Amino acid sequence: MFGKPILLTYLYLLIYIILSSGVILYNKWVLSPKYFNFSFPITLTMIHMGFSGLVAFILIRVFKVVAPVKMTFEIYATCVIPISAFFASSLWFGNTAYLHISVAFIQMLKALMPVATFFMAVVCGTDKLRCDVLSNMVLVSVGVVISSYGEIHFNVVGTLYQVTGIVAEALRLVLTQVLLQKKGLSLNPITSLYYIAPCSFVFLFVPWYLLEKPEMQVSQIQFNFWIFFSNALSALALNFSIFLVIGRTGAVTIRVAGVLKDWILIALSTVIFPESTITGLNIIGYAIALCGVVMYNYLKVKDVRASQLIAESIPERATKDWKLEKKSSEIYMSDINDGGSNGGNDSASDQDVDEEAPLISSSRLSHIGRSQLSSHA
C-alpha cells in the first residue's frame with residue numbers, strides 16, 4: 001500500500017516527534033526540584049554543548065563522515081561567534097524557564113517564536129513589514145496573552161526567562177540567515193555542532209562561573225553519569241533527526257509535524273507532571289495562537305515556492321532568448337556565406353552542447369530553492 005520511501009519518511013517524522021518531546025520532558029525532569037532536582041540549567045546546557053562538540057569532532061576529524069567547511073578567522077569572528085552567543089543564550093534562558101513554569105505553558109509561549117523572528121527579520125532588513133503577516137502576528141500574540149491569563153501557576157520570572165530565550169533564538173536564526181548566507185557558507189547539523197557547540201560552551205562558562213559554580217560548591221549535588229549521558233545523547237540525536245526529516249520532507253510537512261508535536265507534548269506533560277494543570281482558557285488561547293502560526297507558516301511556504309518558481313523560470317527565459325539570438329545569428333551568417341550547409345551542421349552540434357548549460361543551471365537553482373525551503377522549515 002505504501003512504498004518504502006513513504007514509510008521511511010513517516011518513520012523519520014515519528015522519530016523526530018518522539019525525540020523532540022522526549023528531550024523537553026527529560027530536561028524538565030532533570031531540572032525540576034520535585035524530581036531529579038538538578039537545578040543548574042547552565043551546567044546542563046554546558047554538558048550538552050561539550051558532548052555535542054566532542055561527537056562532532058570525532059565524526060569529522062576521526063571518522064571523516066563529513067568534510068569540514070573552509071573556515072577563515074574572519075568568518076569565525078564575524079559569523080560563528082555572534083551566532084554561538086545567541087544560541088548559548090537561548091538554551092540557557094530556555095532551560096532556566098523549566099525551574100519556574102510548566103512544560104505545557106512553555107510550549108504555549110513558544111508560539112511567539114514566529115512573532116519574534118518576523119520582527120527581528122524586519123529590523124535586520126531580511127523581511128518586509130506586510131499587512132497579512134502582521135495580522136497573523138497580532139493573532140498569535142493575542143492568543144498567547146489569553147493563554148497566559150488562563151495559566152493557574154503563572155510565574156513572572158519563568159515567563160521572562162522563556163520570552164528572553166525566544167528573542168535570543170529569533171536573533172540567532174536571523175543572524176544565521178544574514179551572516180552565513182552572505183558568506184555563502186552552508187552548515188549541516190554535524191558541521192554546525194563542530195563549530196558552534198565549543199564556542200557556545202565558552203560563552204556559557206562565564207555565567208556558570210559567576211552564578212552556578214558558587215552554589216554547586218555548597219549544595220549537595222547528586223550526579224548520575226548515565227542520566228546526564230543519556231540526556232546529552234538524546235539532545236544530540238534530536239539534531240540528527242531534524243537533519244533526516246529535512247532531507248526527506250518539505251517545509252509544510254515539518255511545520256505540521258511541529259504543530260502535532262506541540263499538542264502531544266502538552267498532553268504528555270500533564271500526565272507525566274501532574275502539577276501541570278491546563279485550564280480551558282489555556283486551550284482557547286493556544287488554539288487562537290496556533291491558528292496564527294499555521295497561517296504564518298502557510299504564507300512563508302507560499303513565498304518560498306513563489307521564489308523557487310521565479311528562480312526556475314530564469315534559465316528557461318535565458319534559453320529562449322539564447323535560441324532566438326542563435327537563430328537570428330545563423331540566418332545572418334547563411335546570407336553572408338555560400339557554404340551554409342556546413343555552417344548549419346556546426347551550429348546544430350554547438351547547440352546540442354550549449355543547451356546542457358541551461359539545464360545544469362536550472363537544476364542548481366532548483367537545489368538552491370530546496371535549500372531555502374529547508375532553511376524555512
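What share of the 377 residues in this protein is buried? Buried residues make up 41% of them, where buried means under 20% relative accessible area, exposed means over 50%, and partly exposed is in between, using a 1.4 Å probe and protein chains only.

Okay, a quick word on what we're looking at. This is a predicted model, so local features need pLDDT of at least 70 and side-chain atom pairs count only at pLDDT 80 or more, while totals for chains, interfaces and linings use all residues. Residues are numbered from 1 along each chain as its sequence is written, and side-chain values use heavy atoms, with hydrogens and water left out.

So, the overall picture. The protein has 13 helices and zero strands; here helices are DSSP runs of H or I with at least four residues, strands are runs of E with at least two, and both are numbered from the N terminus. Contact, for us, means heavy atoms within 4.5 Å. Of the contacts with a separation of 6 or more, 86% are between residues 24 or more positions apart.

In the model, residues 7-26 are 100% helix and 0% strand, and their end C-alpha atoms lie 28 Å apart. Residues 75-93 are also 100% helix and 0% strand, with 26 Å between the end C-alpha atoms.

Now for helix packing. Two packed helices are described by the angle between their axes and the distance between the axes. Axes are lines fitted to C-alpha atoms, for helices over the stretch in contact, and angles run from 0 to 180 degrees between N-to-C directions.

Take helix α1 (residues 4-31) and helix α2 (residues 41-62): they pack at about 135 degrees, with axes 11 Å apart. That makes α1 oblique to α2, since under 35 degrees counts as roughly parallel, over 145 as roughly antiparallel, 65 to 115 as roughly perpendicular, and the rest as oblique.

Who meets whom? Asn27, Val30 and Leu31 in α1 meet Pro41, Leu44 and His48 in α2. By class, that contact has four nonpolar, two polar and no charged residues. Nonpolar covers Ala, Val, Leu, Ile, Met, Phe, Trp, Tyr, Cys and Pro, charged covers Asp, Glu, Lys and Arg, and the others, Gly among them, are polar.

Then there's α1 with helix α9 (residues 225-248), whose axes come within 8 Å and cross at roughly 145 degrees. That contact has 19 nonpolar, seven polar and one charged residues. α1 passes α9 in a left-handed crossing.

Let's zoom in on Pro41 in α2. Pro41 is buried, at 4% relative accessible area. Leaving out residues up to four places away in sequence, Pro41 touches Leu31, Asn95, Thr96, Leu99 and Glu212.

Last stop, the loops. Asn37 sits between α1 and α2, and has a positive phi of about 65 degrees although it is not a glycine. Asn37 is partly exposed, at 42%. Lys64, in the loop between α2 and α3, has a positive phi near 55 degrees. Is Lys64 buried or exposed? At 61% relative accessibility, Lys64 counts as exposed.

Definitions and conventions: A crossing is left-handed if the near helix is turned anticlockwise from the far one by less than a right angle, and right-handed if clockwise.
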